[in-house]
Amino acid sequence: ARVGVVRESNAGERRVALVPKIIAGLLKQGVEVVVEAGAGAGALIPDAAYEAAGARIGDPWSAEVVVKVAPPNDAEVARLSAGQTLIGFLAPRDAVNQIGKLKAAGVQAFAMEAIPRISRAQVMDALSSQANVAGYKAVLVAAQDSTRFFPMLTTAAGTVKPATALVLGVGVAGLQALATAKRLGARTTGYDVRPEVADQVRSVGARWLDLGIDAAGEGGYARELTEDEKAAQQQALEDAIKGFDVVITTALVPGRPAPRLVTAAAVAGMRPGSVIVDLAGETGGNCELTVPGQTVVEHGVTIASPLNLPATMPEHASELYSKNVAALLELMLSEGRIAPDFDDRVLADSCVTREGES
Ligand code: NAD
């Protein structure tokens, strides 16, 4: 089979779906790789590096399998035709996704988001690989916007107390944020509505904040809180947040708007100079005062809502994503040909458009 690696077209998207070092393994399996000129440019990977790895520079859109990072736009969908396979983030839960158009075009599409979170599929779990990048970078954004040090400093000019950092929502991104803030010297605390997370929080040297709400849902995700629970949570967090220099929020409920954890009153209660980094901006934000994609200052508190943080670390984000994509691709290859076995749950779940089915 021929695999085409496209140049991403979304503004700010600097990742690429396959990096050169992952290509050798694919070639060994009888796959040919065609890379669009400049596909790696955002990640500072020159075309020559792809050629050296055994790929050809050419038209990726006519390949049997097209691999991408971001969901395709209209123009990109129009470049695909019946019988082709598309692999990428396809935002299958997003109301305005392109899946209907891909289906109408007869394209067999696999959404990286829809890969089941089971042990066997961990190597393909792009939500996790990219959430790790986002969690790490969120802490750097917080440190950058902070008026205070993270670590304790003992200097001739005086002693500085370590910063206190609270992470709300401790999935993959939150756990990485806790670990990163700790490495920078902050005193860390984690909070989630899934009680099983307590041990993971402690394992990265953070304190566990228990507000007495258990909202563990299906498949390791949280369920949405009831109105009463939401009000109780907001009130309890308003009290808890006061003492923190840095708050990083990552709380999400699959298919729902981001839960509102930090009210305007909670922000007003923080010390001026404190920082909130809200990673849930794409689905509306965890903080009432968040402006998705912007950094605002309210009551002296900086509230940053960076979108698509993984794209700001394109080298490692692409490297991890490539590994995820290649593993999924390998699962559907048979003697160099694309032959997905839909009795395999990983392929059945991740395939969002198949001939004759939706
Ligand atoms: P996510 O991005 O969907 O959500 C982030 C966190 O927000 C979750 O921990 C969730 O519990 C929390 N949250 C939701 N509503 C909240 C609220 N009102 N208040 C506070 N916190 C709230 O989560 P994720 O990072 O995708 O991880 C989801 C689960 O999947 C985790 O249990 C993770 O361990 C699991 N997982 C399993 C595998 C695997 O086995 N292959 C791989 C990755 C993740």
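This is a predicted model: local features need pLDDT of at least 70, side-chain atom pairs count only at pLDDT 80 or more; totals for chains, interfaces and linings use all residues.
**Entry 1**

I began with the strand order. The sheet is open and has 7 strands, running S11-S10-S9-S12-S13-S15-S14 with mixed pairing. Next I checked the edges, which are strand S11 (207-208) and strand S14 (295-298). Each of these has a single partner strand, so one side of each is left without a neighbour in the sheet.

**Entry 2: strand S12 and its partners**

Which strands does S12 pair with in parallel? I found strand S13 (residues 275-278), joined to strand S12 (residues 246-249) by 4 bridges, the two running parallel. I also found strand S9 (residues 164-168), which is parallel to S12 and joined to it by 4 bridges.

I then went through S12 residue by residue. Val247 has Leu166 opposite it, and its bridge partner in S13 is Ile276. Thr249 stands opposite Asp278 in S13.

Buried or exposed, and pointing which way, are the residues of S12 from Val246 to Thr249? I noted that Val246 and Ile248 point one way from the strand, while Val247 and Thr249 point the other way. All of them are buried.

**Entry 3: a helix on the sheet**

Helix H5 (residues 126-145) packs on it, touching S12, S13, S14 and strand S15 (301-304). I wrote down its direction too: H5 makes about 150° with S13.

**Entry 4: helices H1 and H10**

Here I wanted the geometry of a helix pair. Helix H1 (residues 20-28) packs against helix H10 (residues 314-332) at an angle of about 10°, and their axes are 10 Å apart. An angle under 35 degrees counts as roughly parallel, so H1 is roughly parallel to H10.

Which residues make the contact? From H1 I listed Ile22, Gly25 and Leu26, and from H10 Ser322, Lys323, Ala326 and Leu329. By type, the contact residues divide into 4 nonpolar, 2 polar and 1 charged.

**Entry 5: Glu224**

My last stop was a loop residue. Glu224 sits in the loop between S11 and helix H8 (227-241). Why is Glu224 classed as partly exposed? I found 15 other C-beta atoms within 10 Å of Glu224; a residue needs 20 or more to be buried and 12 or fewer to be exposed, so Glu224 falls in between.

Leaving aside neighbours within four places in sequence, Glu224 is in contact with Val253 and Arg256.

Notes. Residues are numbered from 1 along each chain as its sequence is written. Axes are lines fitted to C-alpha atoms, for helices over the stretch in contact, and angles run from 0 to 180 degrees between N-to-C directions. Angles under 35 degrees count as roughly parallel, over 145 as roughly antiparallel, 65 to 115 as roughly perpendicular and the rest as oblique. Two residues are in contact if their C-beta atoms, placed from the backbone, lie within 7 Å. Ala, Val, Leu, Ile, Met, Phe, Trp, Tyr, Cys and Pro count as nonpolar, Asp, Glu, Lys and Arg as charged, and the others, Gly among them, as polar. Two strands pair if DSSP finds at least two bridges between them.
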